[in-house]
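Subject: A structure for you to explore

Hi there,

Here is the structure I promised to pass on to you. Have a look at it first, and then read on for my notes on what was found.

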Amino acid sequence: MLQVRTGPNQVWDIEYQTNGSITVDNAPFNWDVVPLGAGRYHILYEGRSYSAELITIDYAAKALQLKLNNRIVDLQAKDRFDLLLDKLGMSNAATSKVHELKAPMPGLIVDIRVETGQTVQKGDPLLVLEAMKMENILKAPSDVTIGAIKINLRDNVQKGQVLVQFT
């Protein structure tokens with residue numbers, strides 16, 4: 001089960017089945033998706049055509065930004081574990097002290113938005129990693145102070161490489 005939120009009042013419960021079928025709020029969801037390359041897709045749903053482009057994705061925060069028919073849509077997802085932690089009142093228990101930010105995938109550093117000694121809050125953008133022609137904004141995992149920036153602008157980085165160290 002996955003819960004997807006696009007705003008304070010827009011929440012959908014999504015179920016994936018092993019046979020590939022999808023339900024949204026317990027109703028079958030039938031769509032046709034055609035990848036166009038580089039994070040771009042053409043979608044047919046209920047006789048309507050949609051153009052979708054993945055703008056940014058943050059795997060750690062389970063958040064992504066889409067351009068859907070030239071309109072920006074921010075999506076926040078929670079899996080069954082996130083929902084269980086929320087139900088138990090432990091949603092902040094999953095965040096532990098993080099000492100470094102590592103590259104989630106290989107790519108090119110196209111923007112560095114912080115400097116050594118700067119204090120940032122959870123979710124603040126730290127840098128932008130371009131991978132497969134998509135820009136991924138890497139954000140602060142918690143309230144931290146930047147101890148060291150281990151990369152430079154335009155560096156190619158490997159998955160798991162330390163990018164920023166926190167104090």
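Strands here are DSSP runs of E with at least two residues, helices are runs of H or I with at least four residues, and both are numbered from the N terminus. Two strands pair if DSSP finds at least two bridges between them.

Before going further, please note that this is a predicted model, in which local features need pLDDT of at least 70 and side-chain atom pairs count only at pLDDT 80 or more, while totals for chains, interfaces and linings use all residues. Residues are numbered from 1 along each chain as its sequence is written, and side-chain values use heavy atoms, with hydrogens and water left out.

β12 and β15 belong to an open sheet of four strands, in the order β10-β17-β15-β12, with antiparallel pairing.

One example to find on screen is aspartate 111, whose bridge partner in β13 is valine 128.

On to the pairing of β13 with β14, which is antiparallel over six bridges. Glutamate 130 has glutamate 135 as its bridge partner in β14. The two strands form a hairpin with two residues between them, and methionine 132 in the turn has a positive phi of about 50°.

How many of the seven residues of β13 are buried? Five are, so β13 is largely enclosed by the rest of the structure. Buried means under 20% relative accessible area, exposed means over 50%, and partly exposed lies in between (1.4 Å probe, protein chains only).

Now click on asparagine 136, which is found in strand β14 (residues 134-139). Is asparagine 136 buried or exposed? With a relative accessible area of 2%, asparagine 136 is buried. Leaving aside neighbours within four places in sequence, asparagine 136 is in contact (heavy atoms within 4.5 Å) with Ile57, Met105, Leu127, Val128, Leu129 and Ala131.

**The aromatic rings**

A search of the whole structure finds two aromatic pairs. In one of them, the rings of phenylalanine 29 and tyrosine 45 have their centres 4.7 Å apart and their planes at 25°, so the pair is stacked. This pair links distant parts of the chain, 16 residues apart: phenylalanine 29 is in the loop between β4 (27-28) and β5 (31-37), and tyrosine 45 is in strand β6 (residues 40-45). For the rule behind this, rings of Phe, Tyr and Trp (its six-membered ring) pair if their centres lie within 6.5 Å; planes under 30 degrees apart count as stacked, over 60 as edge-to-face and the rest as tilted.

Ring pairs link Phe29, Trp31 and Tyr45 into a cluster. Phenylalanine 29 is partly exposed, with a relative accessible area of 21%, and tyrosine 45 counts as partly exposed too, at 24%.

**The end of the chain and the helix**

Threonine 167 sits in the segment after β17 (162-166). At 62% relative accessibility, threonine 167 counts as exposed. From C-alpha to C-alpha, threonine 167 and phenylalanine 29 are 46 Å apart in space, and 138 residues separate them in sequence.

There are one helix and 17 strands in the protein chain.

**The whole chain**

Along its principal axes, the C-alpha trace spans about 50 × 40 × 30 Å. Of the 167 residues, 26% count as buried. Among the contacts with a separation of 6 or more, 41% are between residues 24 or more positions apart.

Enjoy exploring, and write back with any questions!

Best wishes
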